[in-house]
Amino acid sequence: MDRRKFLALATGGTLAATAGTPFNSRTSSRAGDHPMTSSEPSYALTRPAYIDQSHLVVKDLAAVSGFYQTILGLSVLEKTASGDVLGVTGLPLLTLTTDRDAREAPRNAAGLFHTAFLMPNRTELARWLRHAAHNNVVLDGASDHLVSEAIYLSDPEGNGIEIYADRPHESWKFHQDGMVEMATLRLDLQALYNSAPDDAWGGMADGTAIGHIHLQVGDIPQADVFYRDVLGLKLMARYPGASFFASGGYHHHLGANIWNSRGAGTRADNMTGLSDYTIRFNDQETLGKAVAKLDELEIKSEKRNGGFFLRDPWGIGLTLSA
């Protein structure tokens with residue numbers, strides 16, 4: 001498919017608002033407003049806690065790593081006998097390890113819904129879209145979520161990916177209870193594409209980060225107890241079958257849904273997909289409070305790589321670090 005057909009299909013409704021998030025579906029678009037040009041760290045990363053890194057287990061390391069390098073523009077920062085560490089300008093974001101004996105995770109298993117890569121500004125999102133169109137990248141969807149503009153796709157082994165840019169925090173609408181207003185509107189990919197500079201794309205820009213991670217879980221009330229009441233994240237939005245949590249007023253650092261995985265139990269150890277991820281705290285005091293809560297509730301954790309490793313109720317690993 002050439003880039004004109006690619007963009008026509010994506011903006012014609014076939015791909016729009018199909019990211020797997022059943023927010024309120026409407027037909028208007030705000031794709032052209034509020035460009036971000038600040039070179040300061042993304043708002044998501046300045047909060048008391050944020051998502052730092054993600055770790056996937058894959059069967060075909062060469063194919064998956066090549067995809068993240070060629071299509072997403074990540075660089076190899078480290079090679080080991082079992083995998084690659086990928087990132088941007090020296091900052092590690094994604095670890096891939098291979099296990100050819102791993103069992104392919106079924107679609108309804110607890111685990112990853114998508115890893116969301118946050119661009120430093122809207123221009124970089126448009127630049128990436130231009131690169132994707134010129135390389136015939138197949139998209140799974142594209143949506144305007146009011147607080148952000150997002151494009152969705154999958155890697156060669158079906159791991160979900162979101163590429164997005166936030167609108168300025170001051171433009172977000174918050175309700176009296178502190179929750180943030182989000183929706184799923186049709187994203188005008190053609191307008192976004194047209195806004196991209198006509199220059200060579202050299203990979204992910206400095207400042208790109210993992211803005212959030214979205215999980216498949218087995219039960220939403222149980223997810224609320226763990227991520228809100230145990231880890232101390234604030235519930236920022238709730239939709240049928242999904243909760244969205246964050247630190248310090250971000251729209252969400254972590255999402256959890258049961259859209260494919262209602263009733264899912266603990267993940268098997270030898271399963272492909274999301275192995276673990278890291279929540280990084282911007283100060284030791286906040287980390288200490290989170291760890292103290294784990295101890296109070298007698299939730300098992302262990303010191304590992306300078307942080308505290310534990311598993312959520314579905315066996316997904318996470319490390320709390322500062």
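Q: What makes β14 and β17 paired strands in this predicted model?
A: Strand β14 (residues 273-281) and strand β17 (residues 317-321) are joined by five bridges. Pairing requires at least two. The two strands therefore count as a pair, and they run parallel.

Q: Which residue of β17 is the bridge partner of Ile-279?
A: Leu-320 is the bridge partner of Ile-279.

Q: What is the order of the eight strands in the open sheet?
A: The order reads β2-β3-β4-β1-β14-β17-β16-β15. Pairing across this sheet is mixed.

Q: Why do β2 and β15 stand at the edges?
A: β2 (75-79) and β15 (302-304) have a single partner strand each, so one side of each lacks a neighbour in the sheet.

Q: What is the average twist from one strand to the next?
A: The twist averages 30 degrees.

Q: How do you know that helix α2 packs on the sheet, and which strands does α2 touch?
A: Helix α2 (residues 61-70) touches β1 (49-58), β2, β3 (83-88) and β4 (91-98). Contact here means heavy atoms within 4.5 Å.

Q: What angle does the direction of α2 make with that of β3?
A: The angle is about 5 degrees. Angles run from 0 to 180 degrees between N-to-C directions. The direction of α2 therefore lies about 5 degrees from that of β3.

Q: What volume does the largest pocket have, and which residues are closest to its centre?
A: Its volume is about 620 Å³. The lining of the largest pocket holds 30 residues, and Leu-112, Phe-113, Gly-158, Gly-160 and Gln-216 are the closest to the centre.

Q: Which strand gives the most to the lining of the largest pocket?
A: β5 does, with four residues. At least two residues each come from β5 (111-118), β7 (148-154), β8 (160-166) and β14.

Q: How do the residues of this lining divide into nonpolar, polar and charged?
A: The lining of the largest pocket has 12 nonpolar, 12 polar and six charged residues.

Q: How much space lies in the second largest pocket, and which residues lie nearest its centre?
A: The second largest pocket holds about 290 Å³. Its lining has 13 residues, with Gln-53, Asp-276, Thr-278, Asn-305 and Thr-319 nearest the centre.

Q: Which strands each supply at least two residues of that lining?
A: β1, β14 and β17 do. β14 gives the most to the second largest pocket, with four residues.

Q: How many residues of this lining are charged?
A: Three are charged, while eight are polar and two nonpolar. Asp counts as charged, so Asp-276 belongs to the charged group.

Notes
Residues numbered from 1 in each chain as written. Predicted model: local features only at pLDDT ≥ 70, side-chain atom pairs only at ≥ 80, totals over all residues. Heavy atoms only, no water. 1 Å grid on protein atoms, 1.4 Å probe; cavity = no way out; pocket = protein on both sides within 12 Å on 5 of 7 lines; lining within 4 Å. Points joined across faces, edges and corners; volume = space filled by probe spheres on them.
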